[in-house]
Amino acid sequence: MNALAAIGRFTLGGVYHLGRCGVFLCTMLAVISHAWRRFALVVRQLYFAGVMTLLITLVAGLFVGMVLSLQGYYTLVNYGGESALGLLVALSLTRELGPVLAAVLFTGRAGSAITAEIGLMKATDQLAAMEMMATDPVARVVVPRFVAGVLAVPILTLLFNVVGVLGGYYVGTVQLGVDSGVYWASMQNGVDVFEDIGNGIIKSFVFGFVVSWIMVFEGCDTEPTAEGISRATTRTVVVGSLSVLGLDYILTALMYGGIS
Amino acid sequence: MSNTATGGRKIELWVGVLVLGGLLSLGFLAFEVGNFDNARVRDGYRVYADFQNIGGLTLRAPVAVAGVRIGQVTGITLSRDSFNARVELTIARHYDNLPVDSSASIFTKGLLGAQYVGLEPGSDEEFLGDGDEIEFTNSSVVLEQLIGELLFSKAEEAAE
Amino acid sequence: MPHSPHNPARPADTLVSVDNVSFGYGPRTILSGLDMQITRGSVVVVMGPSGCGKSTLLGLIGGRLAASEGRVFFDGGDVAALRRRELFALRKRMGMLFQSSALLTDLSVFDNVAFPLREHCGLPESLVRNLVLMKLHMVGLRGARDLRPAELSGGMARRVALARAIALDPELILYDEPFAGLDPVSLGVTLKLIRELNDALRLTSVVVTHDVDEGCRIADYMYLLGRGTIIGHGAPQEMLHSGDPEVAQFMQGMPDGPVPFHYPAPDYRAELLDAGGARS
Ligand SMILES: Nc1ncnc2c1ncn2[C@@H]1O[C@H](COP(=O)(O)OP(=O)(O)O)[C@@H](O)[C@H]1O
Ligand SMILES: [Mg+2]
């Protein structure tokens, strides 16, 4: 009986949370035009969110590309297919790993920081103070961070992909001896600009949107205590990362499922 | 609005670097990794070829002459009367001198690679134009069928 | 009675009137049946123990919270009935000093004070600069303009917040616990500033505090909150010498009285015996 009640409470709590999340999105989109009116703030947030995540994105991209190349080579060489190494690396990166990992890294690095920042602003009454100064904190604080996140994730994804392809190239050609012409040619023959790269960019926009939405929502929804902030930060990372992975499956099924 | 008075210059610079890096990456991916140059044969003419079996041929598969890409597959339909596969090939405009008696075959790149349409130029004086049909076609080699036939003949040999 | 935007019973010199207001967070009632009149130009002190709903009251006056019953009037208009745009227009006429100062941590002292000016006035930057320096000069922190909020002491942060609250030349300032956690010197400065700003800028001030001494020193009129409602009001001297036991207990700071020392609990003896029985 208690367990049943707990399940009910949990479900209702979840629905309630989701509902608030949706309402929050609407209030945010209603004043999204402030992103233009306060473009300097968006630039500032792009700096904090994007530039701060840049280094780990590049390093991660490099290693992912290198390890893909290594593993791919050992598998492909069994079938004499190492000439397709470039294709394997490029497709894995542009279709899946680039968008997913860049978004997950962004969530962990910038998303959690922004949730904590907004949560702290709430806990120290900064948001209430803005309201009392007749400034809408959603327009002033939330929208620039959200828009910057939506823009930063695709940019970081592109950089991740490029660095990954180059890392794969280094391992594949310099270390494993695949011909460099073959590496590029297999990529260029097999990677479609719209099907693969384009879809990857669409994915990264969707991920950027969802992750940014979650990070600002959790920030504003923080219970204004130290414990509340730490819980909100954790939730951003967990919910954000899982949403990216789950959405990736759905998007892949939508984009590539029908064809074949 | 100049609320970004503090450190504004450095921030703008870095964000500029970030955005520029993103754009350069996009260019790199489109032109070096992808095949934007020949991704879409925009300015091309269409010819048709009927095959008994196209195997694993897909949309956007390359069309090549002597291994040189000249176009791509832009449509695959099933003919209602003959139950043949009707493949639409779009060929770049400047390859306008393919003889009408050219033949089309479906090949596989490598043993397990993707399939493509190879054209073998004929010797006719007339050239293929938009909407024309390629008469001579060789279907895709279906590997399973081939292996099946091979095993079957071996089995017959053994039985004799 | 249909909702009329004007309070008919309002005397002409009342800036804020709180009319039979009740409020609760969720099912829990915090305030009930509150009545207050705040006269233009006066310093009104609202006192009460911690957690009795003083900050909540300021939220109701500022329109951040909506009363579940009764109405709050600012200059004759019902605060809760305003649409967002009108509410924001109204808030440009009031300043608020939060207990935590609530300075924007990513902006310097100067930019904090300039914030409302830049947001709402569209003035040229040279004029903004002059105004900001003037406000900072009033609170004695013109020299601290380039510091970050993290570099300020509690007293200084509160003075910067005060400069920010008066940036738009409001008619009303709401102070939430302006004396909490200040050293004696900062305390003296704050007292002086509240009084001087009120008189020099012809403001109306509502000061919320639980400090009896400071409250009495600065108040023109006082309200005492308890049990979620007003338990006494009057001039400071009247309040100090009030015969009402509840008021006297708070004003004199007596540990036991109408507000009991013990939080309501079952009989101690019975509970001890009961606990012993339950454990065996
Ligand atoms: N956002 C809130 N949600 C629920 N309860 C609250 C909230 N804010 C304050 N309270 C409760 O309302 C009561 C009054 O709070 P408050 O007005 O801050 O008191 P004061 O300022 O007099 O110390 C307290 O018991 C507090 O726990
Ligand atoms: Mg309080």
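Helices (H or I, at least four residues) and strands (E, at least two) are taken as DSSP runs and numbered from the N terminus. On this basis, chain B comprises 3 helices and 8 strands, arranged along the sequence as α-α-β-β-β-β-β-β-β-β-α. The structure is a predicted model, in which local features need pLDDT of at least 70 and side-chain atom pairs count only at pLDDT 80 or more, whereas totals for chains, interfaces and linings use all residues. Residues are numbered from 1 along each chain as its sequence is written, with chains lettered from A and ligands numbered from 1 in the order in which they are written.

Chain B has 160 residues, of which 23% are buried (20 or more other C-beta atoms within 10 Å of the residue's own; exposed, 12 or fewer; partly exposed, in between; C-beta atoms placed from the backbone). Two residues are treated as in contact if their C-beta atoms, placed from the backbone, lie within 7 Å. Of the contacts in chain B between residues at least 6 apart in sequence, 65% link residues at least 24 apart.

The contact between chains A and B involves 27 residues of chain A and 22 residues of chain B. On the chain A side, at least two residues each come from helix H3 (39-76), helix H4 (85-123), helix H6 (137-175), helix H7 (180-190) and helix H8 (193-220). H3(A) contributes the most, with 9 residues. By class, this side of chain A has 18 nonpolar, 5 polar and 4 charged residues (nonpolar: Ala, Val, Leu, Ile, Met, Phe, Trp, Tyr, Cys and Pro; charged: Asp, Glu, Lys and Arg; polar: the others, Gly among them). Chain A also touches chain C, through 10 residues of chain A and 15 residues of chain C. The chain A side of that contact consists of 5 nonpolar, 3 polar and 2 charged residues.

In chain C, 9 of the 12 residues of helix H3 (residues 109-120) are buried, so this helix is largely enclosed by the rest of the structure. The buried residues include C:Val109, C:Phe110, C:Phe115 and C:Leu117. They pack against helix H4 (125-138) and helix H5 (154-165) of chain C. Just after H3(C), C:Gly122 adopts a positive phi of about 60°.

Ligand 1 is surrounded by residues of chain C, among them C:Tyr25, C:Ile30, C:Gly53, C:Lys54 and C:Ser55 (C-beta atom, placed from the backbone, within 6 Å of the molecule). Helix H1 (residues 54-61) of chain C provides the largest share of this shell, 3 residues. The shell is made up of 3 nonpolar, 6 polar and 1 charged residues.
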